[in-house]
Each structure stands twice: as C-alpha cells, then as structure tokens.
Amino acid sequence: AARKLRVCLSRSILLLSIGHGVRAMVALEYTNPGTESEVEAGAHPHAVPPAGSRGSKSLRRAAIASVLGLAGSALAAAAWHYGLTSDLDTSTVDAAASMAEALDDSAAEPAVPTSKCTAAGRDCRKSRCCQQPGTQCFEKNAHWAMCMPSCSPGLHENDTVKEPWSCRVLWSKEQVQKDWAIARENAQKTLKGMEGSQKMSLIQGSDGGNGYAGFVNMQYIIAGAQALTMNDGPQGYNAYQEKFRGTSTQFPALLSVAASFDPETSRRYAEAVVEEFVTKGSNVMLGPDVEVTRATLTGRSFETISGEDPFLGSQLVQPFVIAVQQKGVISTVKHWLDNNQEIYRQTMNVEVGDRAQHEIYMPVFKAA
C-alpha cells in the first residue's frame, strides 16, 4: 500500500509540476505588458501576445497542460484507492503533452479543405477549378456552373433547362495556379530555341508598325506567330492611322462605368469597345485603366474603372478582361504600378508602404 501511494503521488506531482511549471514560465514571459501605448504598438518585449500568435498558443497549451495535470492526479488517486494499478507508465506525461498540442492546434488552426478540379460536363461551383486545360468554370445560375472553353450570356441551344447563363467566371486558387503553370511551361518552351536578338525584339518592339501604338513583328521571332498590333483603348479605339482618322467611337468615360456599380455594364461596355479593335486589326488593347484614384484632380482620373475603391475595381475589371479576350484580343491592364498622377510622372519618385500596396493599389491588377 505504501509503495502504491508513493508511486501514485509521485506521478501526480510530476504531472501537476509540468502543467503549472509551463504556465508559470509563460506567465513570467507575458504578464508584464508595459504601457498601453507600448502594447498597442507591439513595441514592448513582454507585451501580451495577440490571438493566433505563438505566445497566445503557449498560453493555451499551458492552460490545457494544467487541466490535464489535475485530471491525471485525480485519476491516479482513484486508481490507487481502488487498487486498479500498482504503477503508472512514464508515457502518461508524453500522452498529456501530445493531447495538449493536438487540442490546441485543432482549435487554433482549423483545417482548410482542399478542392479538386472538376471534369468537363460536371458542376464546378464548389471546386471553381477545371481539369481540362483551356476551360473555365462558368456560372449559369446559383445552382449550376460548368467547365467550358467560353460562354455567351443568355440561352444556349443544347440546354435541357431553358434558363439563361450569366457566364460569370468562378475562380479558385487552384485554377489560377494551374493556368499560370501551363502558361509558364509554354513560355519556357517557346524561349528555349530563341536567339538573344529575338528575345530583345520581344521587349523593344519592331519597326514598320503601320501606325499602331505599338508593334512587335512576332512572325520573324517565332515561326508561325501572329504580329502584335497594340492600340490605346481604355475608352475606345484611339486611331493613330490616317485611314481610321475620324472613325472611332467615343465611348463614355470608364469612371462612368465605375459609377454604375454593375459588372454586367462593364462586360457590355468591353464587348462594344473590343468589336472596333477586331474590325480595325488591333489584337492588343492597351487597357482598361484600373488605377485606384489617390488625387481626384489628376489628369487621368476620368478613365479608371476603379474610381477610388479597389473592391469596386476588382469586381468590374474581371468581366471587362474576359469580354475582351473572348474576342481574341489581349487585354493589358494599366498602369502598373502607382501611376496616380500625370504631373511630373516621368521623373517623380513614388514611395508606398507594403500594406497600402497590397490593400489599395494592387488588388485590381490581381483581379484582372
């Protein structure tokens, strides 16, 4: 009986010591919060850790270990009292620590389900990702979306359910990563057999552009490739060629599209603009303009689809880009990055913090 009592008490004390010892160490590390301003600024070395930080996790683990230690003591005492055991395995301590880790991690970091890409002809609303290259997940309505190469809004002939398609593209992180991987692989294959002079031609342009804003004679760089005929067009085809002078449609300013707060208006606007590009032989649209307006008096604030709101711009630029590229014209969103005023724009220096870049100025480009 004395041996049982000694074993049970020693193990119980060990469990309690671990739990309360860890809690005490963490308490010593974090219970001196400093001044209120230091805590808010995060400058004090012993500031109370924010939720989700390593310090916060340590506090939770210490609390869990303490509870498990007390529970272990009670179980050990009961086991000794009823003669259920004469010894306690040292693995009890390891088990308690493992349980604390598991409980804490499962509570603090919930598992994110990974979606798998959808096969052709199946509903892709959940995965928002398509297995077949060159297809996208287009939404019909709130109950159905399907992977297709392209989509025209309205009724489709072969539909058994006669209901119009919205053709809104549903994106996922997996789909974007997959598309980038395919594009990168194709680019590497193309560049592999090129000479240095050919690579330089890709980034400096070519002579003989026939009056377009920009021209790259791709057929002399890559066999069988089409020449890139670039033209300004945030708000319509800007004719530099004499033969097209006076024939361009003057569309409303993109800022008025932003004021509609309507992705469908953005899509229809882009469809009308790109039609003129196709007719006049330009396959690269230098637009839309997506900068988030910082100063309202800047010379080009009237031609941004974002206005002053990165979320608004992100919602409107996606249907615009898709409508343009479905016609075989490359959409070039501009101007990357922080081109927020016209005065001295060729010589000025712009300094923007990382948080402002990622939360205000970059989201529209990312959406595009």
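In the predicted model, Arg267 and Glu271 both lie in helix α8, 4 residues apart, which corresponds to about one turn of the helix. Their side chains form a salt bridge with an N to O distance of 2.9 Å. Arg267 also meets Glu264 in a salt bridge, here at 2.5 Å from N to O. Glu264 and Arg267 are 3 residues apart in helix α8 and are therefore separated by about one helical turn.

The structure holds 13 salt bridges. Another one of them joins Glu185 and Lys189, with the closest N and O atoms 3.5 Å apart. These residues are 4 positions apart in helix α5 (residues 173-192), so about one helical turn separates Glu185 from Lys189. Glu185 is partly exposed, with a relative accessible area of 43%, whereas Lys189 counts as exposed at 56%.

Asp338 is buried but has no salt bridge; Arg294, the nearest side chain of opposite charge, is 8.1 Å away. Asp338 is located in the loop between β7 (330-331) and α10 (354-361). The side chain of Asp338 makes a polar contact of 2.6 Å with that of Gln357. Leaving aside residues up to four places away in sequence, Asp338 touches Val350, Val352, Gln357 and Tyr361.

The largest nonpolar core comprises 28 residues, and those with the most contacts inside it are Tyr269, Met285, Ile305, Phe320 and Val324. At least two residues of this core come from each of α7 (254-260), α8 (263-279), α9 (310-325) and α11 (363-367). Helix α9 supplies the largest share, 7 residues. Apart from this core lies another, of 7 residues, including Phe138, Cys151, Trp165 and Ile322. Beyond residues up to four places away in sequence, Met285 touches Asn231, Gly233, Val273, Val274, Phe277, Phe320, Val324, Val329, Ile330, Ser331 and Thr332.

Strands β1 (residues 136-141) and β2 (residues 144-148) pair in the antiparallel sense over 5 bridges. A hairpin of 2 residues connects β1 to β2. Gln136 has Met148 as its bridge partner in β2.

Note on methods
Residues are numbered from 1 along each chain as its sequence is written. This is a predicted model: local features need pLDDT of at least 70, side-chain atom pairs count only at pLDDT 80 or more; totals for chains, interfaces and linings use all residues. Side-chain values use heavy atoms; hydrogens and water are left out. Buried means under 20% relative accessible area, exposed over 50%, partly exposed in between (1.4 Å probe, protein chains only). Lys and Arg count as positive and Asp and Glu as negative; His and the chain ends are not counted. A salt bridge is a side-chain nitrogen of Lys or Arg within 4 Å of a carboxyl oxygen of Asp or Glu. A polar contact is a pair of N or O atoms within 3.5 Å; within protein, one must be able to donate a hydrogen and the other to accept it, and residues adjacent in sequence count only if both atoms are side-chain atoms. Contact means heavy atoms within 4.5 Å. Two strands pair if DSSP finds at least two bridges between them. A nonpolar core is a set of buried Ala, Val, Leu, Ile, Met, Phe, Trp, Tyr and Cys residues joined through side-chain atoms within 4.5 Å.
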